[in-house]
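Please look through the structure shown below.

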Amino acid sequence: MHSPLILSLQVAIISTIFTTIIGIFFAYVVFRKNNMNGIADAILTLPMVLPPTVIGFFLLELFSYNSILGRVLNFLGISVIFNIKGAIIAAFIVSLPIMYKTVLARFISVNQEIILSARTLGITESVLFFKIILPISYKSIITGAVLSFARSLGEFGATIMIAGNIPHKTQTMSIRIYSLIQSGNYKEAYIWVGVMISISIVFMLIINKITSIGENAGYK
Amino acid sequence: MNLKINIKKQTPNFIISINIVTNTGIVGILGKSGSGKSLFLKCLAGLEPFDKGEIILDNKILYNDKINLPPQKRNIAYMFQNYGLFPNMTVKKNIQICAKVKNIDQIISMCRLNHLLNIYPNKLSGGEQQRVAIARILASKPKVILLDEPFSALDVGLRRNIEFDMIRLLSKFEGIVFIVSHDKDELYRFAQDIMIIDNGNIVETGKKDKIYKNPAHIQTAKLVGYDNIISAKLLNKNPNKRICIKSEDIKINESGKNAAVVIECIEDINNNIVYIQCNEEIIRVTDKKYYNKEQQVTFDLLNFIII
């Protein structure tokens, strides 16, 4: 028995963890490999421009029991469709471009002199990344993570297609609101709308707070 | 220490083609803006690819047809115009993270950074930032140091003091230093050898006194302060040759051998700048006196070279 709030938070937290790590990873790969970044960037940005229903459709095809991946997962006893895991994957896919784009923009704006001098001073690529580039980019990483979290929390289209609308199992807040309005229960719908707006405002305030911290630190 | 460089690189405007062998000491690279000086340093450090060539440092191949060592493995440290200090680290951490020497304390005190160790780079003055950049470089134990316009980010008034620091620190360095600048006087104070680059090619290279006092090429003469390059016809010599004269080596006097007319006189702090016309040539002269436009004058050349 899970309330839509708990389910939504569960989906958003887990997907944000993956989005953050994988988004940073892809941003760094694209940042380093100039020759491939046109195609890679297009693919990574695609979920941002495609309608969530299209993403949901692709995910359904990818994880359906007829697909190879679906069969392998089924064999391993993992089910994604009509499952909270499906909702997490949907949230991850739609929020990945937000993280990736935010962090990539920051990496690109890091003063080249910092990166190039580090290299000539013998600093290895991993130290350069973990001790210099990543710490200087912390604000963008947090901003990207908070925005991804908010996007995951509000995800609806792809989620309903892959995870369905099963109360206490896959019914997240946004799907709950949809169901309530469908059944004419505006009173409860208002409550969930209120909850969603409150959470979103809190997160936006957090972003504003973070991005104003150390504004004078002069990080370039 | 011995460094052999042979680099060829096609750029949109010209081909960089540099082939030199250099030993321990400070080499000044002089050239006008966009002559390929900085690009040459970047190729050397492994920050910029080039088409073909060879770089050998103390019998170790850094680059050839098969080998291309990353910048990390070249032992060539590059100091950028704005120093590239790590903004998320204190002065001490900036030095520590690059350190290959056991004891950084000596470097810290040599660079007079003891009182700044826990400060972040954005709170340092330009001169202090530069000392951190040098400390970081010395701590990384390079064999070659590349300085790209090291004073361009500093106020003119500060440069002299900071230059003194830098000369003192570099004089203790037992490797090769390349310093790029378009300021001839600055380079003269730093370097023992000078390399003149124009359009990606070495025009002339040699001991600084030879280059500054007896340049063999017009481009060199222009860069080291011969601001008048005029036809040798003036002295009834081979008209295909050029006379190179510094403006301070021309004396306007009453009994001069050459006649000219003043076309402009610009007031300056110490000496006024007088432009005079003699035959078809416009000559720049510095003089204490003020001359009126179209005034007839005579002048002598005190010191000049013919190329």
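At 2% relative accessibility, A:Glu155 counts as buried, because the cut-off for buried is under 20%. Its salt-bridge partner is A:Arg151, and the closest N and O atoms of the two are 3.2 Å apart. A:Arg151 is partly exposed, at 27% relative accessibility. The model is a predicted one.

**Salt bridges**

- Side chains of opposite charge can pair when their charged atoms come close.
- The count of salt bridges over all chains comes to 18.
- B:Glu163 and B:Arg189 form one of them, with their closest N and O atoms 2.5 Å apart.
- B:Glu163 belongs to helix α5 (residues 156-171) of chain B and B:Arg189 to helix α6 (residues 184-190) of chain B, so this pair ties together parts that are 26 residues apart in sequence.
- B:Glu163 is buried, at 4% relative accessibility, whereas B:Arg189 is partly exposed, at 31%.
- Another salt bridge joins the side chains of B:Lys184 and B:Asp185, at 3.0 Å from N to O.
- B:Lys184 is partly exposed, with a relative accessible area of 25%, and B:Asp185 is also partly exposed, at 39%.
- A network of salt bridges links B:Arg112, B:Arg131, B:Asp165 and B:Arg168.

**An enclosed strand in chain B**

- How many of the six residues of strand β3 (residues 25-30) of chain B are buried? Six of the six are, so the strand is largely enclosed by the rest of the structure.
- In a regular strand the side chains alternate between the two faces of the sheet.
- β3(B) runs parallel to strand β8 (residues 176-181) of chain B, and six bridges join the two. B:Leu30 has B:Ser181 as its bridge partner in β8(B).
- β3(B) also pairs in the parallel sense with strand β9 (residues 193-198) of chain B, over four bridges. Here B:Val27 has B:Asp193 as its bridge partner.

**An open sheet in chain B**

- Three strands of chain B form an open, antiparallel sheet in the order β11-β12-β18.
- β11 (228-231) and β18 (305-306) of chain B each have a single partner strand and stand at the edges, so one side of each is left without a neighbour in the sheet.
- Two bridges connect strand β12 (residues 242-245) of chain B with β18(B) in the antiparallel sense; B:Ile243 has B:Ile306 as its bridge partner.

**Pocket and cavity**

- Rolling a probe the size of a water molecule over the atoms shows where empty space is left.
- The largest pocket has a volume of about 640 Å³. It is lined by 24 residues, and those closest to its centre are A:Arg32, A:Leu116, A:Arg119, B:Gly46 and B:Leu47.
- Elements that give two or more residues to this pocket lining are α1 and α6 (112-120) of chain A and α1 (37-45) of chain B. α6(A) gives the most, with four residues.
- There is one cavity of 30 Å³ or more, and the largest cavity has a volume of about 40 Å³.
- Residues lining the largest cavity include A:Phe63, A:Tyr65 and A:Leu73. Helix α4 (residues 68-75) of chain A gives the most to this lining, with three residues.

**A nonpolar surface patch in chain A**

- A:Ile13, A:Ile14, A:Ile17, A:Phe18 and A:Ile21 form a nonpolar patch on the surface, and together they have about 460 Å² of accessible area.
- A:Ile13 is part of helix α1 (residues 4-32) of chain A and is partly exposed, with a relative accessible area of 43%.

Definitions and conventions: Residues numbered from 1 in each chain as written. Chains lettered and ligands numbered in written order. Predicted model: local features only at pLDDT ≥ 70, side-chain atom pairs only at ≥ 80, totals over all residues. Heavy atoms only, no water. Patch = residues over 30% accessible without salt bridge, like charges linked within 9 Å, V, L, I, M, F, W, Y side chains within 5 Å. Areas by Shrake-Rupley, 256 points an atom, 1.4 Å probe, with all protein chains shown as cover. Salt bridge = Lys/Arg side-chain N within 4 Å of Asp/Glu carboxyl O. Buried < 20%, exposed > 50% of the residue type's maximum accessible area, 1.4 Å probe, protein only. Pairing = 2+ DSSP bridges. 1 Å grid on protein atoms, 1.4 Å probe; cavity = no way out; pocket = protein on both sides within 12 Å on 5 of 7 lines; lining within 4 Å. Points joined across faces, edges and corners; volume = space filled by probe spheres on them.
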